[in-house]
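Here is a short briefing on one protein model. Look at the sequence and the fold, then read the points below.

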Amino acid sequence: ISSRLSTLLNNLSTGILMEEPDHTILHSNKCLWDLFGSKLSPEEMVGKNIQSHMPEIKKFFKNPEDFAEKTLSIVNNKEPVNGQHLELKDGRTFERDFIPIEYNGDYLGNVWQYRDVTQKKESEKELIKALDIERNYNELNKNFVSMVSHEFRTPLTSIHSTAELLLLFGDRFKGKELKKR
């Protein structure tokens, strides 16, 4: 890897892992190992086969076997994957991308990119919860207005009718009868 590319990858705020076709680690950045809370340095991992570390890696995930199967399937299919969400045992959520590298029809390896999207997911949940509360409030408000309108309509219609009758025929009533009406 050229020094420019290496510098770029090392300064990204996402975890990067570049693999050779035989799963040998070509490059990784510190952010990747920090995401997993590993004390390993990226330099220590260069040249090692990532598949031999799968038992250690998969233990971080809520569904370890599912993680391992999906990872193997993605690598075997050699199709790009964007934004796949992974749940970790500690409650965090990672999002990962898989980018196969091909040149003139030859498969040269791949790049994995990992991001911690826990805060984003929690914010989405809070937003959805707030929207549900807002919908419920709007529904209650609508029902209240409808109920109040219905409850007042009948007595007001009766009062209005009586008032109109008094205006039209009020001269027929005298004294107590007029006050009663």
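A residue is called buried under 20% relative accessible area, exposed over 50%, and partly exposed in between. L5 has 33% relative accessibility, so L5 counts as partly exposed. Keep in mind that this is a predicted model. The points below start with the sheet, move along its strand pairs, and end with the helices and the surface.

**The sheet**

- Five strands build an open sheet, and their order is β2-β1-β5-β4-β3. The pairing is antiparallel.
- The edges are β2 (25-28) and β3, and each of these strands pairs on one side only.
- From one strand to the next, the twist averages 20 degrees.
- In a regular strand, side chains alternate between the two faces of the sheet.

**β1 and β2**

- Strand β1 covers residues 15-19 and pairs with β2 in the antiparallel sense. Three bridges join the two strands.
- L17 has S28 in β2 as its bridge partner.
- H23 sits in the loop between β1 and β2.
- The phi of H23 is near 75 degrees, a positive value in a residue other than glycine.
- Most residues other than glycine have a negative phi.
- Is H23 buried or exposed? H23 is buried, because its relative accessible area is 17% and the cut-off for buried is under 20%.

**β3 and β4**

- Strand β3 spans residues 81-87, and strand β4 spans residues 93-103. They pair in the antiparallel sense over five bridges.
- V81 stands opposite F98 in β4. Q84 faces R96 as its opposite residue in β4.
- The hairpin of β3 and β4 has five residues between the strands. In this hairpin, G91 takes a positive phi near 95 degrees.

**β4 and β5**

- How many bridges pair β4 with β5? There are 10 bridges, and the pairing is antiparallel. Strand β5 runs over residues 106-116.
- E102 stands opposite Y107 in β5.
- The hairpin of β4 and β5 has two residues between the strands.
- N104 is found in the loop between β4 and β5. Its phi is near 50 degrees, which is positive in a residue other than glycine.
- N104 counts as exposed, because its relative accessibility is 66% and the cut-off for exposed is over 50%.

**Helices and surface**

- Which strands does helix α5 lie across? Helix α5, residues 64-77, lies across β3, β4 and β5. The helix runs at about 20 degrees to β4.
- Helix α1 covers residues 3-10, and L5 has its place there.
- L5, L8 and L12 form a nonpolar patch on the surface. Together they have about 230 Å² of accessible area.

Terms used:
Residues are numbered from 1 along each chain as its sequence is written. This is a predicted model: local features need pLDDT of at least 70, side-chain atom pairs count only at pLDDT 80 or more; totals for chains, interfaces and linings use all residues. Side-chain values use heavy atoms; hydrogens and water are left out. Two strands pair if DSSP finds at least two bridges between them. Helices (H or I, at least four residues) and strands (E, at least two) are DSSP runs, numbered from the N terminus. Patches are made of residues with over 30% relative accessible area and no salt bridge: like charges are joined within 9 Å, nonpolar side chains (Val, Leu, Ile, Met, Phe, Trp, Tyr) within 5 Å. Accessible areas come from the Shrake-Rupley method with a 1.4 Å probe; for residues, only the protein chains shown count as cover. A salt bridge is a side-chain nitrogen of Lys or Arg within 4 Å of a carboxyl oxygen of Asp or Glu. Buried means under 20% relative accessible area, exposed over 50%, partly exposed in between (1.4 Å probe, protein chains only). Axes are lines fitted to C-alpha atoms, for helices over the stretch in contact, and angles run from 0 to 180 degrees between N-to-C directions. Contact means heavy atoms within 4.5 Å.
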